[in-house]
Amino acid sequence: MALRNLEKHRNQAMMRFLWSLVFAIPMLIISMIIDMALPSSNPVAKAFHRKVFQKYSVSVICTFFIATVTQLTLGLFFYKHAYKSLVRAKTANMDVLIALGTTAAYVGSIISVVLQQGAGEQFFETAVFLMTFVFLGRWLEAIAKGRTIGAVEALVKMQPDDALLVKPGAKDGADDFVMINSRQIQLGDLLQVNNGMRVPCDGVIVRGNTEIDESLLTGESLPVAKGEGSAVTGGTLNLSQSVRMRATAINESSTLARIVKLVRDAQSSKPQIQEVADRVASRFVPLVVLASLLVFFVWLIIGATGNIKADWLASKLMGGLGGTPSHSDGMGNMDDAPPMKYPIFALLNATSVLVIACPCALGLAAPTAIMVGTGLAARMGILVKGGGATMEAASKIDIVAFDKTGTLTIGKPAVSDHFINETHTETISSWLYAHIVEIESLSSHPLAAAICTYIREHTQSGTVRAQLLDHQELPGRGMQATVELPADIAEALGWSTATTARLLVGKEAWAKEEGCLLDIPMGTRTQWAASGYTSVAVALVPIGNSMRGRVVSAFALSDQVRPESREVVRQLKRRGIEVWMISGDQQAAANAIAAQLGIDHVMAGVLPDQKSETIRTLQRRGKSANDASEGDFKEGASISTATISSAAARFFGRFRGPQKRPFAKVAMVGDGINDAPALAQADVGIAVGSGTAAAMETAPALLMRPTLFSLLTLLDLSRTVFRRVKLNFVWASMYNVVCIPIAAGILYPAIDRGLPPVIA
């Protein structure tokens, strides 16, 4: 529903802009080209300067007609919103200024031309052009909003539409299966989840064993083994065997629904730059209107007392600085025209103040710099979807929090270390490697693919032909196969009578369950555990022999760190930015990666809502670069969101002094759907280009190139852009301070000239 509403709003904004072009283009041709650019001898210019009704030129009538239709059609949009702002919200926003400016230009032009009998100043084009530019900006804003709502839609689509309800059989004991809508699931329902299906809701497995892809939840690429009593989350993918589960959380109370809510809540918050603009406008507009009225009445008083010189009232002098005099020949020359009345003179000066004081300069101070900055960012492979609000926040970042898998690391497991007994000959090793590749190539598990790649690249396994008598994949354990055991290999292993054996490739705990002897040195196993490696054991168990099996080889796998990650972390620290790692992975693996990269602050084993809460707590903690002990966080991370909020508050409370700290600006860099709430909660959410669609839609900044150096580019560019924005605001303010008095007519006593509304 939200996406449809936003689409409707975007289409309406586009149509308003296109309709404004229908009026703006003819107005541009008449007022700027025919009236000003064409010579008076041009036939077209002569036709448009021809008088009708003995007073008004065709040019004036055409521009009046275009401006009138524009005011009565497109202008109603601003009048309606200005009314709502003044009457209902009791404040003045930008729509009020636009309505006042366009109305003053339109009405002022009519009064001037009528009272001066066709010879007065007219500036009908001002109102039309202003509406066109505003509608263009509103259309671009609607496009940007449409992108953010797409993130929520991507999250919602992860929830399967249907579920397989199990109904126990009555007589023969066979169960019946009924396909129902997932919204109809009730607490306690027994559900069947087949291989390849998504889990329909949160629940607990009551029968079967399988492997679940929980990258939706944790961001980790490795499937998680699940058995009876294991909790499963709605939206995750069943990769292996069919299982039955009992529903424990449904609809809005499910984990996925809470993730969606977190994203929506974070996205609904108003950007700071918009709040500042609204506050400025609410004070600026009344002052502008008062200044304009003051100028009008002051000049009325001066005119009534006869202190306005005749030269000032000459329309020729007003036309000399701009505008389109109705008696112009197109080259700036005028027929003899009567001097204007002093009320018209006062009105034109008041209109000039109103028009010139419209905060266009202040409004353009940021967009012009941001437009250039976002263009440069795009050429450097950085897509800044959030525009000025994103770049403003990025220019003030105090803390950068990274996801681990797929962000600081490549996101694909690879073999980091390998062990094989040194007593094995090259023949035994080649035979063993060939059979490992043969059995692992039958598995779709990421670890199996990594082992096959490593063996093919680093050994001579291709010289031996492997043959499996049978094979089987055991979810949560690994792969097993029956192989023929050559005599020399059986002899080397001490199984001289064995001719066949079971080859096991999987968890070390599984090999222990099978009674295998561990030939891996304790030092190697300890080192792997400390480094957070995932260990895959290779064991042979003789068949028809009372001898115990043996673990003859092992592989240590881990996610590979991006080559540039360490340098990026170092550069962030040099800029005075605090670096955190927030990961859903196990503590040992997260600590190992953090140690390699020089990251001092690590949060591991956190779920998506806990990531979001951690970001929120970092923001509330304020600008403190003191070292943090993540032990205080860990208790909350393993319990619930409410607990982590309390624990985090107590933890960070130690760093708060007696004086209130300003909130810290936090950037979150991630790649997975599990990072979406944290990306939305952060002051700047930054997604890497290889991430999921939900992460890329949620994050207002997207690094398209496969390098984290783009993060440094984004932060540096944002700081440069907003230094320029501040400088632009200084110049814009100086412009208003200087030009408003000139528009009011302060220069008339000195140079006998003022500032017409069209120039204003």
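This is a short tour of a predicted model, from a sheet to the nonpolar cores and then to some salt bridges.

**Stop 1: a sheet.** Select residues 210-213, which make up strand β7. Between β7 and β8 the antiparallel pairing runs over three bridges; look for Thr210 opposite Lys226 in β8.

**Stop 2: the cores.** Show Val400, Phe402, Leu572, Ile686 and Leu711, the residues with the most contacts inside the largest nonpolar core, which has 41 residues. Helix α28 (residues 709-744) gives this core its largest share, eight residues. Apart from this core lies another, of 34 residues, including Trp495 and Val538. Centre on Ile686 next: among its contacts beyond four places in sequence are Met668, Leu679, Leu703 and Leu714.

**Stop 3: salt bridges.** The whole structure holds 12 of them. Begin with Asp403 and Lys611, whose side chains meet at 3.1 Å, N to O. These partners are 208 residues apart, with Lys611 in helix α23 (residues 608-621). Are they buried or exposed? Asp403 is buried, at 0% relative accessibility, and Lys611 is buried too, at 1%.

Move on to Arg477 and Glu513, with closest N and O atoms 3.6 Å apart. Here Arg477 is partly exposed at 36%, while Glu513 is exposed at 56%.

Finish in helix α21 (residues 565-574), where Arg570 and Glu567 sit three residues apart, about one turn of the helix. Their salt bridge spans 2.7 Å between the closest N and O atoms.

Terms used: Residues are numbered from 1 along each chain as its sequence is written. This is a predicted model: local features need pLDDT of at least 70, side-chain atom pairs count only at pLDDT 80 or more; totals for chains, interfaces and linings use all residues. Side-chain values use heavy atoms; hydrogens and water are left out. Two strands pair if DSSP finds at least two bridges between them. Helices (H or I, at least four residues) and strands (E, at least two) are DSSP runs, numbered from the N terminus. A nonpolar core is a set of buried Ala, Val, Leu, Ile, Met, Phe, Trp, Tyr and Cys residues joined through side-chain atoms within 4.5 Å. Buried means under 20% relative accessible area, exposed over 50%, partly exposed in between (1.4 Å probe, protein chains only). Contact means heavy atoms within 4.5 Å. A salt bridge is a side-chain nitrogen of Lys or Arg within 4 Å of a carboxyl oxygen of Asp or Glu.
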